[in-house]
Amino acid sequence: MNIWLTGSAVLLFALVPCGVASFRGDTVERLVGLEMAGMIVTLLLVMLAEGMSRVNFYDLALALALLAFGGGLVFARFLERWL
Amino acid sequence: MSAATLAVEVLVWVAVITCLVCCLGLVVMKDFFERLHYMATVSTVATVALLAAVVIEQGWGQAAIKMSLIVIVLLVMNAVLTHATARAARVRNLGHWQPAEGEKIAGLDEIAGGRKDH
């Protein structure tokens, strides 16, 4: 188990506070937990790709980063007035 | 242990610890607008540390180029999402995002050159 896989295992614990933040507060306040979780999981996928020496797996992290960006933006836009 | 391996280990742990601390800050802070700031550290310090670690380990290859793209996306994403989320919260509370009547905004006097009519 190399440093990347160890680091990614430790990084999993960062998702717990994101989950807690997503479970409490106003609807918009919960969105911050989701956005943070999107970034953390993107970094997690990068570390797993590097740890397993699979360069192709970087595409997963890139796709997640782009989708989390679009998703967060749509959520923020809809929470502004309609939800 | 070579210097490159040591540098990679340090950078990976810097990224992981930054993420952990910022996620804890997300829970600890009471105010919504204070919480928003913790996303910035993850998208700058942690991502750039991981990019540096990847470059040190593999050189400027395919992995480093893909990681650079991810860093760019995360940097832009954080700036835009933070603005959009803060604006959404303000619009939900006030119905609009412009300053309310008589609302004091820190630093606006300096920007407007001492104008008092806002």
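The contact between the two chains takes 40 residues from chain B and 39 residues from chain A, where two residues are in contact if their C-beta atoms, placed from the backbone, lie within 7 Å. The complex is a predicted model, in which local features need pLDDT of at least 70, side-chain atom pairs count only at pLDDT 80 or more, and totals for chains, interfaces and linings use all residues. Residues are numbered from 1 along each chain as its sequence is written, while chains are lettered from A and ligands numbered from 1 in the order in which they are written. The predictor gives the complex an ipTM of 0.90 and a pTM of 0.87.

**The side of chain B that touches chain A**

- On the side of chain B that touches chain A, at least two residues each come from α1 (3-28), α2 (32-36), α3 (38-58) and α4 (62-94) of chain B; helices (H or I, at least four residues) and strands (E, at least two) are DSSP runs, numbered from the N terminus.
- Helix α4(B) provides the largest share of this side, 18 residues.
- By class, this side of chain B has 31 nonpolar, 4 polar and 5 charged residues; Ala, Val, Leu, Ile, Met, Phe, Trp, Tyr, Cys and Pro count as nonpolar, Asp, Glu, Lys and Arg as charged, and the others, Gly among them, as polar.

**Make-up of the chains**

- Chain A has 4 helices and 0 strands, in the order α-α-α-α along the sequence.
- Chain B has 5 helices and 0 strands, and its elements run α-α-α-α-α from the N terminus on.
- The C-alpha trace of chain A spans about 45 × 25 × 10 Å along its principal axes.
- Of the 83 residues in chain A, 47% are buried; a residue is buried if 20 or more other C-beta atoms lie within 10 Å of its own, exposed if 12 or fewer, and partly exposed in between, with C-beta atoms placed from the backbone.
- Of the 118 residues in chain B, 31% are buried.
- Among contacts in chain A between residues at least 6 apart in sequence, 52% join residues at least 24 apart; for chain B, the corresponding share is 54%.

**Confidence**

- Chain A averages a pLDDT of 91, and 99% of its residues score at least 70; pLDDT is the predictor's confidence in each residue, from 0 to 100.
- Within chain A, confidence is highest in helix α1 (residues 3-11), at 94, and lowest in α4(A), at a mean of 91.
- Chain B averages a pLDDT of 86, with 88% of the residues scoring at least 70.

**Helix packing in chain A**

- The axes of α2(A) (residues 15-23) and α3(A) (residues 27-51) come within 7 Å and cross at roughly 160 degrees; axes are lines fitted to C-alpha atoms, for helices over the stretch in contact, and angles run from 0 to 180 degrees between N-to-C directions.
- These two helices, α2(A) and α3(A), are therefore roughly antiparallel to each other; angles under 35 degrees count as roughly parallel, over 145 as roughly antiparallel, 65 to 115 as roughly perpendicular and the rest as oblique.
- The crossing of α2(A) and α3(A) is left-handed; a crossing is left-handed if the near helix is turned anticlockwise from the far one by less than a right angle, and right-handed if clockwise.
- From α2(A), residues L15(A), C18(A), G19(A), A21(A) and S22(A) meet R30(A), V32(A), G33(A), L34(A), M36(A), A37(A) and I40(A) of α3(A).
- That contact of α2(A) with α3(A) has 8 nonpolar, 3 polar and 1 charged residues.
- Helices α1(A) and α3(A) pack at an angle of about 155 degrees, with their axes 8 Å apart, which makes α1(A) roughly antiparallel to α3(A).
- The crossing of α1(A) with α3(A) is left-handed.
- In this pair, W4(A), L5(A), G7(A), S8(A) and L11(A) of α1(A) make the contact with I40(A), L43(A), L44(A), M47(A), L48(A), E50(A) and G51(A) of α3(A).

**Two individual residues**

- I40(A) lies in helix α3 of chain A and is buried, with 22 other C-beta atoms within 10 Å.
- Not counting residues up to four places away in sequence, I40(A) touches L11(A), A14(A), L15(A) and C18(A), together with C19(B) and C23(B).
- The C-alpha atoms of I40(A) and L11(A) are separated by 7.7 Å, although these residues are 29 residues apart along the chain.
- S53(A) is in the loop between α3 and α4 (58-81) of chain A and is exposed, with 12 other C-beta atoms within 10 Å.
- Phi of S53(A) is near 55 degrees, a positive value in a residue other than glycine.
- Most residues other than glycine have a negative phi.
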